[in-house]
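Biologist: I have a structure to go through with you. Please take my questions one at a time and end each reply on what I asked for.

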Amino acid sequence: PQHFALIPAAGVGARMGVHIPKQYMAVAGKPMLRHALDTFAAHARITRTFVVVSAGDAWIDELLTPELAQRTTVLRVGGATRQESVFNGLNEIRSMAGDADWVLVHDAARPGLNAELIDRLLDTLENDDVGGLLALPVVDTLKRESAGGRSQETVPRAGLWAAQTPQMFRYALLQRALRQAAEQGRIGAITDDASAIEMLGLRPRLVEGSPRNLKVTLAQDAALAEFFLKG
Ligand code: C5P
């Protein structure tokens, strides 16, 4: 089977408090989205990368160099949520992807992904029935809040992982999972692709990710991502 990368990049980045969408903000010398596109384009096992942007996106064309454009297709079908953007993107590539082909869905806001992590994911999941995702065991002590901002209890962290991306599933399974979540009105409860798969009763494999693959959500995350990219 082939391996396609699908990058939802249609977010507006409201939490960063900036006007330019965060995926276009520079980290370590280039826009965050460029880091992910370059990493996938340089990887021999990735057939092609699809990037989903908003219909009116004014930045993507500038960001694609001619050589990057040879390995990357822009889909202007961004939706109202990440999941909608992923689902729309999947539908757009229907003619290219076979049911059993793998799709690696990766957040544009994770510039620290590298070839080693992609290889780890591919090597671990190549013969897997379900697919899986990069994730990291939780290291913090976790508190459940009760009313009034007080800690009600400590949630045991054993067995808890923080999800990262890429999340890798076969084309037909992922499309079915997202369609079903949408039909059941549960799409809003989904913040990643693996949760749609879990709703089918399947159990995605957890593959150890890396701190360098952090998601840039707040302004200070960009400095940390830069640290990893320059190191
Ligand atoms: O905002 P957040 O960090 O959760 O977004 C995760 C990823 O989903 C980002 O790459 C963002 O661009 C993308 N996204 C999208 N369409 C939306 C919202 C977010 O493609 N409507």
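Biologist: Where does A28 sit in the fold?
Modeller: This is a predicted model. A28 is found in the loop between β2 (26-27) and β3 (30-31).

Biologist: Is A28 buried, partly exposed or exposed?
Modeller: A residue is buried if 20 or more other C-beta atoms lie within 10 Å of its own, and exposed if 12 or fewer do. A28 has 16 C-beta neighbours inside 10 Å, so the class is partly exposed.

Biologist: What is the phi of A28?
Modeller: Most residues other than glycine have a negative phi. A28 is a residue other than glycine with a positive value, and its phi is near 50°.

Biologist: Which bond joins T165 and P166, cis or trans?
Modeller: P166 has its place in strand β10. Most peptide bonds are trans. Between T165 and P166 omega is about 5°, and the bond is cis.

Biologist: What is the order of the strands in the open sheet?
Modeller: The sheet has 7 strands with mixed pairing. Its edge strands, each pairing on one side only, are β5 (72-75) and β11 (205-208). Neighbouring strands are turned by 30° against each other on average, direction ignored. The order is β5-β4-β1-β6-β10-β7-β11.

Biologist: In which sense does β10 pair with β6, and in which with β7?
Modeller: Strand β6 (residues 102-105) and β10 share 4 bridges; V105 has Q167 as its bridge partner, and W102 stands opposite R170. Strand β7 (residues 132-137) and β10 share 5 bridges, with W161 as the bridge partner of P137. For β6 the sense is antiparallel, and for β7 it is antiparallel.

Biologist: How many residues of β10 are buried?
Modeller: Strand β10 covers residues 161-170 and is mostly covered. Of its 10 residues, the buried ones number 7.

Biologist: Are α4 and α6 parallel or oblique to each other?
Modeller: The axes of helix α4 (residues 82-92) and helix α6 (residues 171-183) come within 10 Å and cross at roughly 135°. The crossing is left-handed. Angles over 145 degrees count as roughly antiparallel and those from 65 to 115 as roughly perpendicular. The two helices are therefore oblique.

Biologist: Which residues come nearest to the ligand?
Modeller: The shell around the ligand has 7 nonpolar, 7 polar and 3 charged residues. Of the 17 residues there, the nearest are P8, A10, G11, S85 and A108.

Key. Residues are numbered from 1 along each chain as its sequence is written. This is a predicted model: local features need pLDDT of at least 70, side-chain atom pairs count only at pLDDT 80 or more; totals for chains, interfaces and linings use all residues. Two strands pair if DSSP finds at least two bridges between them. A residue is near a molecule or strand if its C-beta atom, placed from the backbone, lies within 6 Å of it. Ala, Val, Leu, Ile, Met, Phe, Trp, Tyr, Cys and Pro count as nonpolar, Asp, Glu, Lys and Arg as charged, and the others, Gly among them, as polar. Axes are lines fitted to C-alpha atoms, for helices over the stretch in contact, and angles run from 0 to 180 degrees between N-to-C directions. Angles under 35 degrees count as roughly parallel, over 145 as roughly antiparallel, 65 to 115 as roughly perpendicular and the rest as oblique. A crossing is left-handed if the near helix is turned anticlockwise from the far one by less than a right angle, and right-handed if clockwise.
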